[in-house]
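Please find below some notes on the model, in numbered points.

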Amino acid sequence: MFTPNKIFTVDALSVRLYETEKQLANDAAQISQTYLQETLAKQGSATVLLATGNSQIKFLEALIVLGGIDWSKITFFHLDEYLGIDANHAASFRRYMRERVESRVHPGAFHYIEGDATEPLEECDRYAKLLQEQPIDLCCLGLGENGHLAFNDPPVADFGDRRSVKLVKLDLATRLQQVNQSLFSHLEAVPQYAFTVTLPLLGSTKKIICLAPEKRKAPAVKEMLLGSISAALPASFLRMQAQATLFLDVDSASLL
């Protein structure tokens, strides 16, 4: 386990600062492994909500390599998916999860948002019901460059949302981020709409880890921790969540 350079709190949110992204990912994996082992020992099963994106790749790899978890007792969900793309599309989050997680650990179940569902609003209801059937033990998040959590972009983020899953129009900044990360070749190829779990659903989970490495996240991290708590910067929602921990490296914390 790597020792953080610094541990501090901002309102209810715990923050851990590391020298490198690798240290961040490895320690988050160790903490997650220990928590899942304890959860399985206590209740016999666990439910995990996973994020996609570049910030999760090293973490997921480290968690899988660590082992020591009976994955057959784990049920997985994921945070979001683009509207209108199939599960084999190169940018599909279902494909990301299938290749990076499901095919490697063979969990008890992995419930996917069907991005190409013919009835998108019914798909929101179907997935919401699945999520509500059991408490979520662990939620793994990334942080968008515009401060989004999942696809809760500033224009659509709602701290009091009554829904668990909704269909949203993506912010231009989010669509550009997908291009910059090479998930799509150009802006026009990025879907304008996506499914996302909502902020209240995230807040209902028992433990939250949010991984935010890299220099490009520094402006959002600064606003998240030093600005006001507001849906204008959705990630500030985590400052009200005592069960949440934010993992930073020196690059993402460089503006603090």
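1. In this predicted model, Phe 247 is part of strand β11, which spans residues 244-249. Its relative accessible area is 1%, which is under the 20% cut-off, so Phe 247 counts as buried.

2. Which residues does Phe 247 touch, leaving aside those up to four places away in sequence? The contacts are Arg 16, Tyr 18, Leu 24, Ala 28, Ile 31, Ile 209, Cys 210, Leu 211, Ala 212 and Pro 213. Thr 3 is 244 residues from Phe 247 along the chain, and the C-alpha atoms of the two are separated by 12 Å.

3. The volume of the largest pocket is about 470 Å³. Its lining has 28 residues, and those closest to the pocket centre are Thr 52, Gly 53, Asn 54, Phe 93 and Gln 181. Two or more lining residues come from each of α2 (54-66), α3 (93-105) and α5 (172-180). The largest share, five residues, belongs to α3.

4. How many cavities of 30 Å³ or more does the structure hold? There is one, and the largest cavity has a volume of about 40 Å³.

5. Lining the largest cavity are Leu 50, Leu 60, Leu 63, Ile 64, Trp 71, Phe 76 and Val 101. Helix α2 gives the most to this lining, with three residues. The division by class is seven nonpolar, no polar and no charged.

Notes. Residues are numbered from 1 along each chain as its sequence is written. This is a predicted model: local features need pLDDT of at least 70, side-chain atom pairs count only at pLDDT 80 or more; totals for chains, interfaces and linings use all residues. Side-chain values use heavy atoms; hydrogens and water are left out. Helices (H or I, at least four residues) and strands (E, at least two) are DSSP runs, numbered from the N terminus. Buried means under 20% relative accessible area, exposed over 50%, partly exposed in between (1.4 Å probe, protein chains only). Contact means heavy atoms within 4.5 Å. On a 1 Å grid over the protein atoms alone, a cavity is a set of points where a 1.4 Å probe fits but cannot get out, and a pocket is an open set with protein on both sides within 12 Å along at least five of seven lines; lining residues have an atom within 4 Å of a point. Grid points are joined across faces, edges and corners, and a volume is the space filled by probe spheres set on the points. Ala, Val, Leu, Ile, Met, Phe, Trp, Tyr, Cys and Pro count as nonpolar, Asp, Glu, Lys and Arg as charged, and the others, Gly among them, as polar.
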